[in-house]
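Below is a brisk report on one protein model. Please keep the sequence and the structure in view while reading.

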Amino acid sequence: MRPEIQTQLDNAKQSIGLLRRHLDWDVAQRRLAELNALSEGPDFWNDAETAQKLMRERTSLEDQINGIAKLERDLDDALTLIELGEMEDDEATVSEGEAAIKAVEVEAARRQVETLLSGEADMLDTYVEIHPGAGGTESQDWAEMLLRMYRRWGERRKFKVDVLDYQDGDQAGIKSATLQFKGHNAYGWLKTESGVHRLVRISPFDSNARRQTSFASVWVYPVVDDRIIIDVKESDCRIDTYRAQGAGGQHINTTDSAVRITHIPTGIAVTCQQERSQHKNRAKAWDMLRARLYEVELKKREDKANAEQASKTDIGWGHQIRSYVLQPYQLVKDLRTGVASTAPADVLDGELDPFMEASLAQRVYGTTVEVEDLD
């Protein structure tokens, strides 16, 4: 076997070995067998809440065990192809085996990143709010670009993405928008995107074609499921209704169906205009408010709570987490991890995984880097 292929093979085996050790393979298999036996018991669903929790654990364990087993099978198949190709002097078969090894390495790396998603709420669905900073049309257009970027990322991940609120900008773009992402670990991935995002480009709204800097904020918080009880007093809230409008109102009509709920003690406000029915929008808005309050409690447990809260209070210089420069050069740079891309068009089309993965690793391992912003 050629040395370079042997190196690839060794790297793939090492990655799979790391996944096995992280999972604690033997313990995980025994636990899965135990959960399978429990789920077949006649009294299993007598306590629905406990049963659902155990079934979620079973599904997660099964996915991890089956995923690792498939990687091992794929690697064995790739090795067989390479050996067969070398015996018959068939370069095409050897190349096919090499490609299979690379695919195993890519999938193993993806699964290694997912082992970082072990936070209390990481597996939940999530809301993403986007708001432009000061700057009128420029910032509102940038906010809409971010809206498209996250929708495209969600499509790449096969998540279901719903627009819950959409407020048109004055001339272009948006004044605000709220998305809901439904899928496994949606919050775990997207929580790394909370903060201020900065854009530098030649303004399409400036007749003198001058370079402009715009800001927009992104706020991510988990959808609270039935396991998490958040007590919200209705007397602490103000409820307003208004007419749905904009591209996000799929059933725009002449009634005041859109709902805004403001939690007076915290100042947190949520809006929903997705449904034609005010009743349904009100129910969804209550869910969103409970999720926001839960997110506040989660943040209190994190060491970086103060810094993250500061980033939400000032959408401008000194608070950005990432800069996107389109002119005079092309570069996107994350100011927390130093990860950069020279293809802003790809990033704005949803290629965000490298930034998210680096930020997840930084959160888990506590590493910090000093990164200079772009001019």
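Which side chains meet in a salt bridge at 2.9 Å, N to O? Those of Glu34 and Arg31 do. A salt bridge here is a side-chain nitrogen of Lys or Arg within 4 Å of a carboxyl oxygen of Asp or Glu.

This is a predicted model: local features need pLDDT of at least 70, side-chain atom pairs count only at pLDDT 80 or more, and totals for chains, interfaces and linings use all residues. Residues are numbered from 1 along each chain as its sequence is written, and side-chain values use heavy atoms, without hydrogens and water.

## Overview

The protein has 10 helices and 11 strands. Both are DSSP runs numbered from the N terminus: helices are H or I with at least four residues, strands are E with at least two. Of the 375 residues, 48% count as buried. Buried means under 20% relative accessible area, exposed means over 50%, and partly exposed lies in between (1.4 Å probe, protein chains only).

The accessible surface comes to about 19,000 Å². Carbon and sulfur atoms contribute 48% of that surface. The areas come from the Shrake-Rupley method with a 1.4 Å probe; for residues, only the protein chains shown count as cover.

Contact means heavy atoms within 4.5 Å. Among contacts between residues at least 6 apart in sequence, 66% join residues at least 24 apart.

## The sheet

An open sheet of 8 strands has the order 2-3-1-5-4-9-10-11. Its pairing is mixed. Two strands pair if DSSP finds at least two bridges between them. The edges are strand 2 (160–168) and strand 11 (340–341), each pairing on one side only.

Strand 1 (residues 126–132) has 6 of its 7 residues buried, so the rest of the structure largely encloses this strand. Strand 1 runs antiparallel to strand 3 (residues 174–182), with 5 bridges between them. Thr126 has Phe181 as its bridge partner in strand 3. Strand 1 also runs antiparallel to strand 5 (residues 211–222), this time through 7 bridges. There, His131 is partnered by Ser217.

Further along the sheet order, strand 9 (residues 320–325) and strand 10 (residues 331–334) are antiparallel and share 4 bridges. Val325 stands opposite Leu331 of strand 10.

A polar atom of its side chain lies 2.9 Å from the backbone oxygen of Tyr221. Beyond four places in sequence, Thr126 touches residues including Leu179, Phe181, Leu190, Val220 and Tyr221.

## Nonpolar cores

A nonpolar core is a set of buried Ala, Val, Leu, Ile, Met, Phe, Trp, Tyr and Cys residues joined through side-chain atoms within 4.5 Å. The largest has 62 residues. Which of them touch the most other members? They are Ile130, Leu146, Tyr150, Phe181, Leu289 and Tyr324.

Leaving aside neighbours within four places in sequence, Tyr150 contacts Ile130, Leu179, Phe181, Leu190, Glu193, His197, Val218 and Leu352. A second, separate core holds 25 residues, among them Leu9, Ala28, Leu61 and Ala108.

## Salt bridges

The whole structure contains 29 salt bridges.

| Pair | N to O distance |
|---|---|
| Arg2 and Glu91 | 3.5 Å |
| Glu34 and Arg31 | 2.9 Å |
| Glu138 and Arg201 | 3.5 Å |

Arg2 and Glu91 link distant parts of the chain, 89 residues apart. Arg2 sits in the segment before helix 1 (3–23), and Glu91 in helix 4 (residues 91–114). Arg2 is partly exposed at 29% relative accessibility, and Glu91 is partly exposed at 44%.

Glu34 and Arg31 are 3 residues apart in helix 2 (residues 25–39), so about one helical turn separates them. Glu34 is partly exposed at 42% relative accessibility, as is Arg31 at 23%.

Are Glu138 and Arg201 buried or exposed? Glu138 is buried, with a relative accessible area of 11%. Arg201 is buried at 7%.

Definitions and conventions. Polar contact = N/O pair within 3.5 Å; in protein donor to acceptor, adjacent residues only side chain to side chain.
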